[in-house]
Amino acid sequence: MRNSHFRIRLFFIMIAFALFISLFGATYSYQKLKEQVYASHEFELSHIEENVKQSLMSIEKVYHYFDLDTEERMLTNSEYLLEKYAENPHLDTWNYQQLKELFNMDVYILNDENVVIYTSFEEDLGLDFEGCCPKLSQTLHERRESGEFYADGIDISQNTGQIKKFSYIGTPDKKYLFELGYSLQDGEVFEQFDFLKAIDELVNTYSSIDEIHVINPGGFFFGEEVANLELSEDREKAFEEALGSGKTTEIVDGEGENRTVYRYVPYVSEYDTGTTQRKVIEITYNENELDALLDETRRSFVIQIVIIIVVTTLIASLISRWVSRPMYLAYHDCLTGLKNRAAYEEFLQEKRSDSGKLAYLLLDLDNFKAINDTYGHDTGDEKLKKTANILKQFEQKG
């Protein structure tokens with residue numbers, strides 16, 4: 001049994017075992033860290049979602065409990081318009097600016113095709129609900145037919161993005177629908193609970209967030225600055241899916257550093273039972289920070305693996321040396337390095353199974369005792385070593 005062969009085998013066995021254990025542990029830790037990074041990222045998004053929802057809920061709750069007189073005034077003004085229509089059905093003769101000053105509300109007249117034909121708000125003149133908002137248009141048809149009064153919660157003017165509250169009532173002849181619009185942004189309540197301002201603060205706080213928008217059921221954005229924004233085809237599909245299913249959806253646009261994720265979070269109001277009860281929160285975010293954290297985690301993992309390999313190799317080398325020495329001495333004479341009786345017996349055990357012939361050579365050193373007695377054991381040991389070296393040379397040649 002050769003010491004070098006045993007040591008090499010032991011060395012690689014120890015490295016394989018140590019690497020398996022170490023790599024398993026390192027990989028497990030890496031996966032856990034990776035999961036923590038993703039979990040932290042998802043928690044941040046959930047936190048942002050909840051903040052936006054709470055901002056919306058707060059302002060809706062305030063209007064629901066503390067601004068009931070607005071809806072009552074809308075009802076009173078709508079009844080006034082019906083009385084005026086009964087007295088003068090010629091709508092082209094009405095003074096809509098005068099009505100606006102009287103009500104402190106904008107007045108809209110919709111024909112039976114849901115087109116704004118008269119209004120005190122010039123920006124919405126000619127607005128076609130059938131063309132822009134089919135779902136809302138269907139609801140408006142139903143409201144015209146019923147002739148009852150309806151008031152929605154927080155909504156927007158499609159052309160300007162202004163935050164308003166709208167009410168509707170149909171004329172008895174079902175030809176027209178009278179709509180009133182009350183601007184909420186001008187009031188003190190909105191100033192105190194401005195969810196648009198809260199959204200801007202969130203965007204400024206989190207570097208991974210590019211934009212946050214609130215979208216009404218018709219696909220229009222809340223806020224004057226984003227009123228003219230339009231959803232792309234893919235984004236519109238994701239928006240509709242979130243609105244219809246009530247589940248959060250995401251789509252990805254672009255690749256690499258230009259990769260942008262659009263997240264659509266459904267929101268259902270607890271205080272608004274009208275057509276504006278359902279909204280969708282659009283969160284546009286990048287994954288640059290997430291990718292940076294993942295890259296850092298991967299770099300740490302690679303460094304850890306390199307350190308493990310180096311340390312494992314050194315330790316395996318040292319241990320293999322320590323262990324191989326006693327094993328070597330078990331089969332070799334400690335003075336001459338020649339194989340001892342244990343090695344000889346093992347050799348014979350192996351050769352017994354061979355069919356070849358085996359020869360034995362016995363050597364004896366004459367008068368060796370006299371050398372020890374005359375010159376001392378140290379000299380005798382040196383003679384044994386020299387003799388062993390000569391035998392080793394013959395063994396190698398053979």
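Let me begin with one side chain: Tyr85 is buried, at a relative accessible area of 9%, where buried denotes under 20% relative accessible area, exposed over 50% and partly exposed in between, with a 1.4 Å probe and protein chains only. The model is a predicted one, in which local features need pLDDT of at least 70 and side-chain atom pairs count only at pLDDT 80 or more, while totals for chains, interfaces and linings use all residues. Residues are numbered from 1 along each chain as its sequence is written, and side-chain values use heavy atoms, with hydrogens and water left out.

I turn to the aromatic rings. A pair of rings is described by the distance of the centres and the angle of the planes. Rings of Phe, Tyr and Trp (its six-membered ring) pair if their centres lie within 6.5 Å; planes under 30 degrees apart count as stacked, over 60 as edge-to-face and the rest as tilted. Helices (H or I, at least four residues) and strands (E, at least two) are DSSP runs, numbered from the N terminus.

Which arrangement do the rings of Tyr85 and Phe178 adopt? Their centres are 5.8 Å apart and their planes at 80°, so this pair is edge-to-face. Phe178 lies in strand E5 and Tyr85 in helix H2, so parts 93 residues apart in sequence are tied together. Phe178 is buried, with a relative accessible area of 0%. Ring pairs link Tyr85, Trp94, Tyr96, Tyr118, Tyr176 and Phe178 into a cluster.

Charges also sit over rings, meaning that NZ of Lys or CZ of Arg is within 6 Å of the ring centre and within 35 degrees of the ring normal. The charged end of Lys84 is placed over the ring of Trp94, 5.4 Å from its centre. For Lys164, the charged end sits over the ring of Phe121, 3.7 Å from the centre.

Next, the sheet. Four strands form an open sheet in the order E6-E9-E8-E7, with antiparallel pairing; two strands pair if DSSP finds at least two bridges between them. Strand E6 (209–215) and strand E7 (249–253) stand at the edges with a single partner strand each, so one side of each is left without a neighbour in the sheet. Between E6 and strand E9 (residues 278–286) there are six bridges in the antiparallel sense. Val214 stands opposite Ile281 in E9.

Finally, the spaces. On a 1 Å grid over the protein atoms alone, a cavity is a set of points where a 1.4 Å probe fits but cannot get out, and a pocket is an open set with protein on both sides within 12 Å along at least five of seven lines; lining residues have an atom within 4 Å of a point. Grid points are joined across faces, edges and corners, and a volume is the space filled by probe spheres set on the points.

The second largest pocket has a volume of about 660 Å³. Of its 30 lining residues, Cys132, Pro217, Gly218, Gly219 and Phe220 are the closest to its centre. Helix H5 gives the largest share of that lining, five residues.
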